[in-house]
Amino acid sequence: MAMRDPYEVLGVAKTAGADAIKQAYRKLAKRLHPDLNPGNAKIEQQFKEVSAAYHMLADAEKRRRYDAGEIDASGTERADSRKYYRSYAESGRGNKYRGFGTEEEINLGAPGDADDLFANLFGHRRFGQKVRMRGADVSYAATVEFLEAALGARKRLTLTDGKVIDFTVPPGTAEGQVLRLKGQGFAGFGDAPPGDAFVEIKVKPHPQFTRAGFDIHLEMPVTLQEAVLGGTIEVPTIDGRVSMAIPKGSNTGTQLRLKGKGVMNAKTHLRGDQYVQLKVVLPSQKDEKLAEMVERWAKDNPYKVR
Amino acid sequence: MSWTMDQAAAEIGVERTVIVSWIEQHWVLPAASGGDYLFEEVDLARLRLINELLDELQIGEEAMPIVLNLLDQLYEARAALGELETAIAGCSDAVRDEIEARIARRG
């Protein structure tokens with residue numbers, strides 16, 4: 001076949017830069033790609049011409065030789081014998097991509113079960129399944145809130161192709177833990193079972209709680225009088241607020257334990273504990289009376305902390 | 001003919017991890033075989049198409065599921081049409097004439 005001038009094919013000037021050539025090619029390819037125009041032989045021919053022209057002009061050496069008249073346009077025509085996707089898509093081998101990403105596929109896992117034109121026309125199934133193969137496993141990551149991981153939650157994962165997976169985050173799930181969702185992987189072929197989905201859990205940090213194993217740690221500010229005289233304060237736990245007694249003479253760093261307020265250990269079904277670390281906070285405003293009182297008290301009660 | 005993950009990645013000219021992300025998004029559905037994937041000719045042609053859509057045709061990752069979904073519907077419809085044609089070709093002359101007349105009257 002006689003080849004047209006590649007500049008003419010792409011509709012660019014002889015002086016066009018590499019970017020302009022690439023842009024011109026992309027513009028044409030969007031319109032002429034054979035897989036986007038199945039059944040149109042003329043467009044396929046046009047695309048081959050455009051593709052050959054582009055591959056010549058995109059190659060600086062070939063372009064130089066063409067410009068210098070060393071080779072003609074057909075001199076670089078690649079033997080483009082590749083098969084496009086469309087050659088398979090309409091044959092039986094394209095079956096597994098039918099009904100791609102539709103809900104029917106998720107529920108039934110059988111390719112071709114989706115909106116089958118023939119089923120609608122004649123009320124019967126068309127494609128016989130001969131292949132039988134378990135579906136592939138697949139991995140995802142899901143981010144959950146701190147409390148969802150601690151207490152357990154029902155989560156929903158929406159994949160890019162629209163498939164939706166509902167799964168349970170068991171109580172006490174830890175950062176990095178991988179949940180196996182049986183049968184939620186790729187659909188099997190034929191009547192073979194689907195693969196499994198593996199979901200790696202990422203736990204968001206909580207503003208107050210931190211976790212160490214099955215125990216919860218929390219720092220709690222207390223007033224000077226609560227620390228010195230003792231008292232009862234409200235403390236948040238993963239179940240909600242509870243009352244906690246502060247013993248008389250507590251200090252910054254005093255650690256108190258709330259038994260059974262940690263997270264569930266799935267193996268033992270026992271809950272860990274919550275540890276509350278106290279932090280004595282003085283009044284935020286300067287207080288003259290407090291200063292006088294401490295001054296008087298300090299005279300008779302020197303103590304060392306360093 | 002079939003390709004392993006490494007062979008497919010080399011053939012298409014992209015990293016393994018890229019193909020893995022396409023698989024995870026269900027853009028391509030290779031068979032699983034002994035811990036590796038097995039790409040058939042249709043899968044390889046689809047990988048090449050996805051690569052060209054992303055690279056040369058500048059279809060963004062976000063739009064890719066829509067484009068693939070529409071293409072799959074197009075091919076499914078075309079396949080069905082092809083079978084319909086074959087079926088009609090096998091009908092008696094009288095039936096074919098009637099179908100032709102009905103199609104001619106449409107609209």
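Predicted model: local features only at pLDDT ≥ 70, side-chain atom pairs only at ≥ 80, totals over all residues.
1. Start with chain A. Three strands form an open sheet in the order β1-β5-β4, and the pairing is mixed. β1 (138-144) and β4 (178-181) of chain A are the edge strands; each has a single partner strand, so one side of each has no neighbour in the sheet. From one strand to the next, the twist averages 30°.

2. **One strand pair.** Look at β1(A) beside β5 (residues 197-203) of chain A. They run in the parallel sense and share 7 bridges. One pair to find on screen is T143(A) with its bridge partner K202(A) in β5(A). Strands of a sheet pair through backbone hydrogen bonds, either parallel or antiparallel.

3. **Where the chains meet.** Contact involves 30 residues of chain B and 34 residues of chain A. On the chain B side, β2 (31-33), α3 (41-55) and α4 (64-89) each supply at least two residues. α4(B) gives the largest share, 14 residues. This side of chain B has 15 nonpolar, 5 polar and 10 charged residues.

4. **The largest core.** The largest nonpolar core holds 42 residues, and V28(B), L47(B) and I50(B) have the most contacts inside it. Both chains take part: α5 (86-89), α8 (146-151) and β5 of chain A are among the elements giving two or more residues, as are α2 (16-24) and β3 (36-40) of chain B. The largest share, 7 residues, comes from α3(B).

5. Leaving out residues up to four places away in sequence, V28(B) touches W22(B), I23(B), D43(B), R46(B), L47(B) and I50(B). Another core lies apart, with 17 residues, including L10(A), A24(A), L28(A) and A53(A).

How values were computed
Residues numbered from 1 in each chain as written. Chains lettered and ligands numbered in written order. Pairing = 2+ DSSP bridges. Helix = DSSP H or I, 4+ residues; strand = E, 2+ residues; numbered from the N terminus. Axes fitted to C-alpha atoms, helices over the stretch in contact; angles between N-to-C directions. Contact = placed C-beta atoms within 7 Å. Nonpolar A, V, L, I, M, F, W, Y, C, P; charged D, E, K, R; others polar. Core = buried A, V, L, I, M, F, W, Y, C linked by C-beta atoms within 7 Å. Buried ≥ 20, exposed ≤ 12 C-beta atoms within 10 Å, placed from the backbone.
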